[in-house]
Every structure is written in structure tokens, then in C-alpha cells.
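Here is a short report for a first look. Keep the structure open while you read.

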Amino acid sequence: MWFLSFIKTSIGKKLVMATSGLLLLSFLAIHAFGNAAIYMGSKYFQIYADFLHGFPVLVLIFGFGLLLIFLAHVGVGLLLFFEKRKTSSRYDVETRVVENTFASRTMPYTGAWIFVFLIVHVFAFNFGKPEGVKVSMLVQQYFSGFFYSLFYIISFIALAIHLNHGFWSMLQTFGLNHPRYNKLISTLTVAVPLIFLVIFGGIPIYFMTGSAAGY
Amino acid sequence: MMSTIDLTLKIWRQKNSDALGDFETYILRDISTDMSFLEMIDVLNEQLTREGKEPVAFDHDCREGICGACGAVVDGVAHGPDLETTLCQLHMRKFKSGDTIVIEPFRSIAFPIKKDLLVDRSALDRIIQAGGFVSVNTGGTVDGNSIPVSTETAELAMDAASCIGCGACVASCPNGAAMLFTGAKIAQLSLLPQGHPERKERARSMVTQMDKEGFGYCSNEKECELACPKGISIRNIARMNREFLKSFLLGE
Amino acid sequence: MELNSRIPSGPLAEKWDSHRFQSKLVNPANRRKFRVIVVGTGLAGASAAATLAELGYKVDAFCLHDSPRRAHSIAAQGGINAAKNYQNDGDSVFRLFYDTIKGGDFRAREANVYRLAQVSTEIIDQCVAQGVPFAREYGGTLANRSFGGAQVSRTFYARGQTGQQLLLGAYSALSRQINSGGVTMYNRREMMDVVVVDGKARGVVVRNMISGAIESYSADAVLLCTGGYGNAYFLSTNAMASNVTAAWRACRRGAAFANPSFVQIHPTCIPVHGDYQSKLTLMSESLRNDGRVWVPKNKDDTRPPAQIPEEDRDYYLESKYPSFGNLVPRDVASRNAKEQCDQGKGVGSTGLAVYLDFGDAIKRDGEDVILRKYGNLFQMYEKITDSDPMVEPMMIYPAVHYTMGGLWVDYNLMTTIPGLFALGECNFSDHGANRLGASALMQGLADGYFVISTSIGHYFGSERINPVTNADAAFKEVENEVNERMQKLLQNSSGGPSGKVTVDDVHKELGRLLWDNCGMARNRQDLELALEELPKIKDKFWNSVYVPGAADDINQSIEKAGRVADFIEFGEFMIRDALAREESCGCHLREESQTEENEALRDDDKYSHVSVWEYKGDDQPPEMHKEHLVFENVTPSQRSYK
């Protein structure tokens with residue numbers, strides 16, 4: 001019951017955004033760690049994939065949990081987005097004092113892009129996966145296509161932008177704002193999205209540029 | 001040194017809360033650059049009165065930047081282009097001759113426009129009424145020195161307490177949120193030991209009232225912090241978030 | 001008119017205690033049957049409304065702002081005095097009492113001032129408990145500073161925003177009572193008149209500043225906490241909306257007005273820079289600790305200050321008052337600045353300013369030290385004037401700051417209308433002819449938090465109060481009068497503005513008249529001239545002022561017009577009071593009463609009294625009554641700053 005009244009409040013909704021964001025970020029970190037195996041070669045990547053699929057029940061539960069968290073993030077995000085629409089363009093002259101709010105202003109749009117990307121991505125590597133093709137091979141197959149790779153790279157840039165505001169915003173929502181650590185936080189706000197961009201975005205580039213010759 | 005400038009003003013005029021408003025354009029000549037922004041509007045109003053027109057209604061009182069009565073959005077910025085300055089302390093030397101200045105009221109769902117630039121900000125009062133106090137009656141208090149407060153804490157509390165309740169944070173927030181206003185009061189009273197007994201109840205009831213008034217949520221865009229004429233930091237919003245979370249997780 | 005100050009008998013230190021014991025009480029269960037109207041929500045009003053509601057009375061509070069938090073108490077910078085003796089520097093209740101009486105130049109009531117000093121300590125405790133973030137020492141105890149030339153450090157402060165923090169404390173207590181239903185808050189209502197039924201104050205008629213409607217509210221007692229009347233001078237450090245209307249209307253209904261000519265003029269304000277100027281900004285007095293005041297020796301010397309050599313400068317305070325120099329009291333500094341400017345030696349574009357030079361202090365102590373001391377003040381000055389005091393001397397000029405005069409009240413803070421009380425700057429009681437720095441906040445809160453609760457209980461416990469409602473004839477009658485007044489303010493508006501004047505035009509004229517003739521230095525001739533000129537200003541107002549807009553709408557012009565009309569009427573009280581007091585005392589110099597060295601000379605034989613003025617009708621001069629001041633515990637002494 002308290003949870004219901006909690007998420008009815010403005011700060012409650014933001015805390016749902018931040019908590020789900022944190023969980024998604026953790027998933028992303030694990031995902032990035034696993035995918036980094038690609039850079040070691042198809043053999044290692046396949047080992048990782050096979051290992052993961054050795055626990056089908058766990059994967060199922062994990063997948064469902066992830067879906068729920070994701071839906072919460074998107075759902076509350078949409079709610080906030082539509083609430084915001086009510087107040088936007090109030091003034092004849094719109095001047096933003098804060099510089100570099102591109103990331104914050106585009107949160108719903110980068111979010112929407114990531115949503116589309118995820119549908120494509122999950123379909124390609126999960127539900128729509130052709131029978132009998134190894135995942136390690138599938139990766140190579142997909143990323144040999146220029147537009148497909150480009151789509152992925154753009155998506156990872158969108159993700160990085162989304163995280164650029166999201167990471168700091170999450171900490172602020174949790175109440176983590178202290179002059180002593182704010183410098184560290186602002187460094188992480190740039191560093192964390194960049195790490196994800198390098199690991200994930202590197203994969204299509206890895207295949208596109210031909211660096212993956214020995215894959 | 002003193003010089004004069006000519007200006008074109010585009011000011012939002014609205015008869016009352018129900019009427020549709022629109023911009024009116026006025027020309028002002030020979031405005032001394034030593035004038036404050038509100039004195040410039042005084043000059044316009046004297047001019048309008050002499051022309052038999054109705055002067056522009058706007059809230060103002062102390063003209064020292066402390067009462068929080070004045071405020072308008074000047075060229076898209078609450079309280080105008082000067083940082084940490086209320087409208088009454090903004091001076092015309094910040095403008096150039098030939099400038100067109102667009103002046104609009106503070107807009108928010110929770111701030112209905114009453115007339116021209118004059119808006120109803122009583123929603124902010126109701127947030128304070130919901131819990132922005134320490135429940136102590138007159139008399140029967142302990143000696144002031146029996147509640148020690150470190151200088152550091154006193155300074156932080158004072159930073160938060162310097163809010164003048166002008167509503168610029170709401171006016172500048174893309175979501176029309178009153179987080180900085182509410183956060184500042186919650187932070188002040190959660191920092192000081194006097195506010196501790198009621199902190200959980202306070203965070204919850206003030207935030208609930210804030211939502212009820214129709215203020216938006218926070219998307220962490222920091223506009224409020226820069227619009228705030230007293231430079232109140234969004235660190236106070238973080239503190240409020242913490243207080244609020246604690247109140248829900250640990251409150252009775 | 002009978003003036004009974006109701007000062008309790010007994011030794012000074014026991015008066016307040018014995019008074020509280022002798023006052024009647026109202027049973028807690030009965031308190032909710034009484035309704036109290038509080039007009040104004042500054043320090044006095046907000047604290048009184050909250051305190052009375054806490055006790056169980058029903059309170060209706062009114063303010064003319066959009067929120068009760070905006071009253072001008074908020075602008076007080078320096079601090080609040082209290083006889084806590086936390087610094088162990090020899091302070092005591094008696095010393096604070098003595099300093100206040102002496103500071104007021106022996107024109108205040110001993111008993112009231114002693115009570116003020118007594119409750120001062122409780123005020124600090126109360127404010128701390130509310131969460132007012134006072135400055136602290138490193139050990140966590142409350143910090144104090146010495147203020148306004150006091151020899152002890154008894155001033156509590158919250159940066160330069162003490163008034164704001166104390167007001168927000170009182171406002172939070174008020175908000176709590178609004179939340180619990182003890183107080184009904186009416187924002188944006190301006191009091192237009194007080195309603196007297198059977199000789200007792202029973203309610204108010206207010207104007208709803210949004211709808212323009214004239215509304216009546218009835219109650220069992222009315223508290224006026226409506227501040228001072230410094231804006232009679234047009235330019236003052238008061239807020240734009242500060243006005244005399246509530247007090248003046250009460251005066252017309254029978255509340256006597258005490259010492260209307262006692263006005264404090266602060267020496268260090270930013271000078272007027274043009275006709276368009278709307279108000280004056282105070283700079284802290286502490287600047288005179290290091291700044292040297294000077295003007296050019298020769299009239300009409302238009303050279304920039306840096307090009308005026310030392311020998312062409314006149315450090316007039318230092319030469320005239322060798323022992324105090326630039327640190328002479330407020331009134332002496334103010335008077336001398338005006339004198340220099342009247343001689344044509346004033347500086348700046350208007351010639352109405354003197355220099356306050358930090359050049360020598362910077363040379364002596366270095367830029368860092370001076371910036372650390374005054375950096376924020378310099379910043380404020382630069383924001384307004386665009387000139388950096390580190391580079392060129394500051395310009396200052398005196399400005400009207402505080403009015404010690406106010407509605408006459410007895411020891412219970414009750415005016416000569418039973419059931420009508422006046423608190424804070426609105427009454428006259430505690431500051432005599434001059435107010436000490438950091439004492440205004442103390443008095444407002446003392447009245448509101450600690451004094452009025454006893455008075456109200458006693459009033460309700462001892463008077464028979466018949467039921468009335470705001471539908472009664474007495475209310476309708478006053479409503480009609482107010483409506484007529486509003487229509488009268490608009491009477492010139494039908495033919496359009498041509499050939500007419502604006503409200504501000506007339507207000508400036510009134511201000512000029514008072515400033516020139518009823519300001520820091522006064523003489524019979526000027527005051528009599530002013531008395532002759534005043535009716536002309538009044539005629540001009542009623543015959544040719546143009547007020548745009550309608551009465552039943554938000555109309556800031558009609559608000560202003562009503563206030564100015566009352567300032568003009570009230571102006572006569574100020575001038576007549578000044579005329580009647582043929583002595584120099586406190587803030588003002590009566591030119592006929594000075595020593596051979598041109599210093600103020602008080603005349604205790606003839607003027608050791610409060611001048612109490614009774615309104616006798618529009619066509620008749622007011623009648624003066626005297627409340628003789630008795631000093632049993634202190635001996636009046638003459639000031640000397642030579």
C-alpha cells in the first residue's frame with residue numbers, strides 16, 4: 001500500500017526512474033563484460049554464450065525481471081514525458097540558462113530510440129534467431145552489413161547521451177550530491193557512458209573495419 | 001557613467017485570470033542606465049497613466065531583493081539576464097539602446113495569472129503550511145545555547161533558508177516544478193536539530209502538498225539553481241529526495 | 001481625552017511580573033469563543049497571530065501582500081538585541097534597558113522599555129527553537145556582535161538577513177496555525193478602516209485587492225501591526241507599499257497618535273540619482289568604521305574625487321567632532337551631510353551626496369582586509385551604482401528609515417480605543433526619540449510573542465463584549481464610507497488625463513515638503529510655511545489627480561492614491577508635532593534649541609513628555625495631550641560627541 005502512495009508522488013516516480021535506471025545500468029555492465037569476449041575471438045564468445053544458456057530457467061527469470069524493470073522505466077518515463085508536455089513552451093521567448101542541456105532535453109527521445117533498438121536487437125539475437133546458427137557467427141553475419149552496423153552505432157551514441165544525463169540524474173535523485181564528490185560524479189557522468197560506447201560501439205566497428213579478420 | 005537608452009518593450013497584458021492575454025508593444029525613450037528594471041516599468045506606467053491607459057500591474061515591494069514579491073520573465077529568463085539578482089536589483093545598464101525586451105509573467109499551472117505580470121503564488125504558502133515549520137508554541141522553549149549547532153551546519157541551513165519565495169525556480173523550470181523551493185525548506189529544517197523530530201512527517205506532507213498544487217517533477221536540469229536570485233543549490237533537492245526516501249522506507 | 005498609561009506599580013524589575021499576575025485570564029476552553037483580527041503579518045503581526053492562535057483564540061490575519069512572508073520586516077539586515085550576556089562582557093537586562101532609554105534620548109517610558117529588555121532573552125530562545133539559523137561560534141553556541149556603537153556584544157544575527165530569518169520563523173509559526181485552522185489568513189487585503197461599536201474596536205473594513213470588493217470582518221479585538229509611515233517622505237528605505245492608512249484611519253476613529261514627528265533618518269544610504277527614483281537603499285552603518293566622510297572645500301567643485309587634492313577636501317565630521325570623528329551617531333552624521341549639501345558642497349550629479357572614502361583604509365590595512373570586511377556591501381553598492389568603492393569613494397546621503405512615532409498605547413499596547421491594540425513599529429512605545437540599531441526586530445517580536453497574549457487575556461477577561469456581526473449597521477456604514485472614498489479617488493478620471501497630475505507627482509511634492517521642512521533639522525518658520533503649503537497639496541490631490549482604472553479590479557493606482565491621500569492628511573500631524581516640540585531631541589535638531597557649538601539641546605523641563613495628538617475633524621486642528629514621562633530609575637543626561 002505504501003508503495004502505491006509512494007509512486008503517486010513526484011519524487012516517488014523519479015525514484016522509480018532512478019532505481020530502474022540503476023538496475024538497467026547494472027545489467028548493461030554485465031552485458032558489456034560478457035560481450036567484451038567478442039574482442040577475444042569467436043571461440044571465447046561462444047563459450048560465454050553457451051555458458052549463459054546453460055541455465056535456461058535462470059535466464060528466463062532474469063529476462064522477465066529485466067522486462068519488468070524496463071517497462072517500469074519506460075512507463076514512468078512516458079508518464080513524466082506527458083506531464084512535461086503540459087508545461088512546455090510557456091514563454092514567447094525561450095531561453096535556457098544552463099549550457100549543454102542537450103542530453104537532459106533529449107532524454108525521452110534518446111530513450112525512445114533505445115526502445116526501438118532493443119526491439120530490433122532482442123528480435124535479432126533472441127526470438128528471431130535463425131535455427132542452428134551459432135550466436136558468435138550471427139554477430140559477424142549481422143555486422144558485415146553497413147546499415148545494420150550504422151544503426152547499432154547510432155543507437156549506442158544515443159545510449160551514451162541518455163546515460164550522460166541519466167547517470168548524474170540518478171545519483172541526484174538518490175540524494176547523492178556533495179561538494180566533495182561532485183567532481184568525481186561529474187567525471188563518472190562522462191566516463192561511464194564513454195566506456196559503454198567504446199565496448200558496445202566498438203563491436204560493429206570491429207567487424208566493419210576488418211579488424212575482426214581473425215575472429 | 002550615466003547614459004540613456006531607448007527601448008522597445010513587449011509586455012504581456014491580461015485583464016484578469018479568465019481573459020485571454022496578449023503582448024503589447026511600448027516604446028520608451030531616454031531611459032537612464034542607472035535605473036532599476038522596476039523603475040523603468042514605473043516610468044512606463046507614468047507614461048501610460050498620462051496617456052489615459054491602464055498601467056501594467058506587477059508585484060513589487062521592498063526593491064532591495066529580499067521580499068520576493070517581484071519577478072517576471074525577461075527575454076525568457078526569470079528575473080532577467082543578471083545572475084543571482086532579483087528583478088528590482090537588475091539595472092538598465094545591462095541593456096543596450098535599441099533593444100527589444102520581452103516581459104512575461106512567471107508562468108506555471110500552479111501560478112494563475114491575476115493581471116498582466118501579477119500572478120498568484122499562494123501555492124508556495126500552502127506547501128509551507130503543510131509542514132515547513134517546527135511545531136513549537138511560544139514560550140517554554142529551552143535556552144538558545146542548549147541546542148548547539150556547528151558553524152558548518154548553521155551555514156548550510158542558512159544557505160537553504162535564504163530562499164525569498166519569489167517563485168523564479170518554478171517559473172524557470174521546464175516542468176514548472178517547485179522542487180528547489182520545497183527542497184530548501186526541507187533541507188533547512190532537516191539540517192538543524194530543532195527540525196529532527198518531525199522530519200519524516202514533514203518531507204512526506206510537504207511533497208504531497210507540492211504535488212497537489214500542480215507543480216511538476218524534477219528532471220534535474222538545474223535551471224532553477226541558476227534562476228534563483230539567492231543562488232540556492234540543487235544540493236537541497238538532493239537532500240529533500242533523501243529525506244523523502246527515508247520517510248517512506250523507514251517512516252511509520 | 002484621558003491618557004492612562006496603566007503602568008504597574010512597584011519596583012521597575014517587578015512590574016512585568018506583577019502585571020502578569022494581576023491581569024485577568026481567559027479559561028482555555030473559553031478562548032475559542034473569542035475572535036481576534038490581526039492586521040499586518042510582519043514580525044509583530046505574524047508572531048501575534050501565531051501566538052494567540054496557539055493559545056486557542058480564533059484569529060483572522062490580514063496582509064496586503066500576496067503572501068504573509070513579504071512584510072518589510074524582512075529587509076532588516078543587522079540583527080536583534082538581547083540581554084543574554086552570552087559574551088560575559090557585562091551585559092544585563094538593566095544595561096539593555098538603560099542603553100535603549102538613553103538611545104531614545106529619554107523620551108520613552110521606563111516600564112515599557114524595561115519589559116522589552118526582559119523579554120529580549122526569551123525571543124532568542126523562541127527563534128532558535130523555531131529553526132532560525134542564527135550565526136554560530138565554532139563550538140556550536142550562538143554568535144554575537146557589537147552593533148550600532150554598543151559597548152557590549154549583544155546582537156544576534158543571521159548573516160545580513162536577520163530580519164528575513166526572524167520573519168520566516170514567525171511566518172512558519174503562522175503557517176502552522178493556518179494549517180491547523182487556528183488562523184484564517186486573508187492575503188491581498190488592505191485595511192481601509194476600523195469599525196468601532198459602542199466605543200470598542202469590533203472589526204475592520206478591508207479592500208480585496210484582487211476583486212476590488214470592500215469586505216467587512218468582525219471580531220472581539222483588533223490588532224494593528226501595520227508598521228511605520230516613513231513613506232510620507234516619498235523616498236525612504238521603506239518598502240513601496242508601506243503606508244500609514246491603517247494607523248491613520250484608526251486615529252480618525254479616536255485612537256490618539258503619539259510623537260508623529262519622531263522619524264529616524266539613516267546617514268548611510270545610496271544617494272538619489274534621478275527623478276525616477278522609487279526608493280532608497282540602506283548601506284550598513286558599519287561602513288563608517290573605516291570610511292572617511294568628506295566633501296570638496298569649495299562650492300561647485302566638479303572635479304572627479306581622485307583629482308581633488310587633500311588640501312581641497314573638507315573632512316567635516318573629523319574637524320567638527322575630533323573625538324568621535326566619522327563615528328558620530330546617526331542623527332549627527334545625517335544632519336551634517338544635509339548641511340554640507342545645502343551649502344552647495346554636495347557631490348554627484350544631483351549635488352545631494354557626500355563621499356565616504358576608503359582610500360586611506362585601503363592604504364593602511366590593504367585591499368584584502370577591507371574587502372573581507374565590506375566585500376558584500378561593496379558588491380551591493382556596485383550593483384546599484386556601477387561604481388567600485390575600492391577605486392573611487394562611495395557616495396552616501398541620509399534617508400528616512402524608521403518612525404519612532406506611532407499610535408499611542410498604554411502598557412498593555414492598547415490604544416485609546418478599547419479593544420484596538422497597536423504592536424511593533426505601528427506603536428510609539430519603546431524607542432523614544434531615536435531607535436538603537438538592532439532594536440526594531442526585538443520590539444516587534446516582544447510585542448507579538450510575549451506582551452500581547454497577556455493584554456488580550458486581560459481585555460477579554462475584564463470587559464463585557466456584546467456579540468456583533470459584520471452585517472450590523474455599524475459595519476455597513478463604514479463600508480459605505482469606504483466605497484464613497486474609493487469613488488472620490490476616481491472623481492477626476494472621467495475626463496481623461498490631460499491637464500491633470502499623477503499620484504506620484506503629488507506624493508513627490510508632499511515628500512519634498514516634509515523632507516525640507518520636517519526632516520532632520522527644523523525651525524518654526526519652515527514648519528509654519530509647511531503647514532500653509534500642505535492644504536495646497538491636498539487641494540491639488542483632490543482636484544487634479546488622475547487615477548486610471550476602476551475600483552472593482554486589480555488597480556495598483558487606486559491603492560497608491562488612497563495611501564497618498566492619507567499621508568497628506570497625516571502630514572499635518574507630523575508638522576504640528578514638530579512645531580510644538582521646541583527642543584532638539586533624538587533624531588531631530590530644532591534649530592532654535594541648540595548650544596553655542598550648534599549641538600542639539602534637549603529641554604527636559606518643558607518637553608519631557610509624549611505628545612499625543614487627538615483627531616478633531618477635518619476642519620479642525622488636532623488637539624495635543626501630554627503624557628508626562630517619569631524617570632525613577634535613570635537620570636536623563638545630555639549627549640555630547642565633541
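This is a predicted model: local features need pLDDT of at least 70, side-chain atom pairs count only at pLDDT 80 or more; totals for chains, interfaces and linings use all residues.

Residues are numbered from 1 along each chain as its sequence is written, chains are lettered from A and ligands numbered from 1 in the order in which they are written, and side-chain values use heavy atoms, with hydrogens and water left out.

**Where chain B meets chain A**

Chain B brings 44 residues to the contact, and chain A brings 38 residues. Contact means heavy atoms within 4.5 Å. The area buried between chain B and chain A is about 3,500 Å². Carbon and sulfur atoms give 59% of that area. Buried area is the accessible area (1.4 Å probe) that two parts lose on being put together, summed over both. Of the area that chain B buries against chain A, 19% comes from Tyr217(B), Asn220(B) and Phe248(B), more than from any other three residues.

How many salt bridges does the rule find across the interface of chain B and chain A? It finds one. Lys10(B) forms a salt bridge with Asp92(A), and their closest N and O atoms are 3.5 Å apart. The rule asks for a side-chain nitrogen of Lys or Arg within 4 Å of a carboxyl oxygen of Asp or Glu.

On the side of chain B that touches chain A, H8(B) gives the most, with 10 residues. Helices (H or I, at least four residues) and strands (E, at least two) are DSSP runs, numbered from the N terminus.

**Aromatic pairs**

Over all chains, the structure holds 60 aromatic pairs. Rings of Phe, Tyr and Trp (its six-membered ring) pair if their centres lie within 6.5 Å; planes under 30 degrees apart count as stacked, over 60 as edge-to-face and the rest as tilted. Two edge-to-face pairs are set out here.

| Pair | Centre to centre | Between the planes |
|---|---|---|
| Phe81(A) and Tyr109(A) | 6.0 Å | 85° |
| Phe134(C) and Phe156(C) | 6.2 Å | 65° |

Phe81(A) lies in helix H4 of chain A and Tyr109(A) in helix H6 of chain A, 28 residues apart. Phe81(A) counts as buried because its relative accessibility is 17%, and buried means under 20% relative accessible area, exposed over 50%, partly exposed in between (1.4 Å probe, protein chains only).

Phe156(C) sits in strand S4 of chain C, 22 residues from Phe134(C). Phe134(C) is buried at 1% relative accessible area. Phe156(C) is buried, with a value of 1%.
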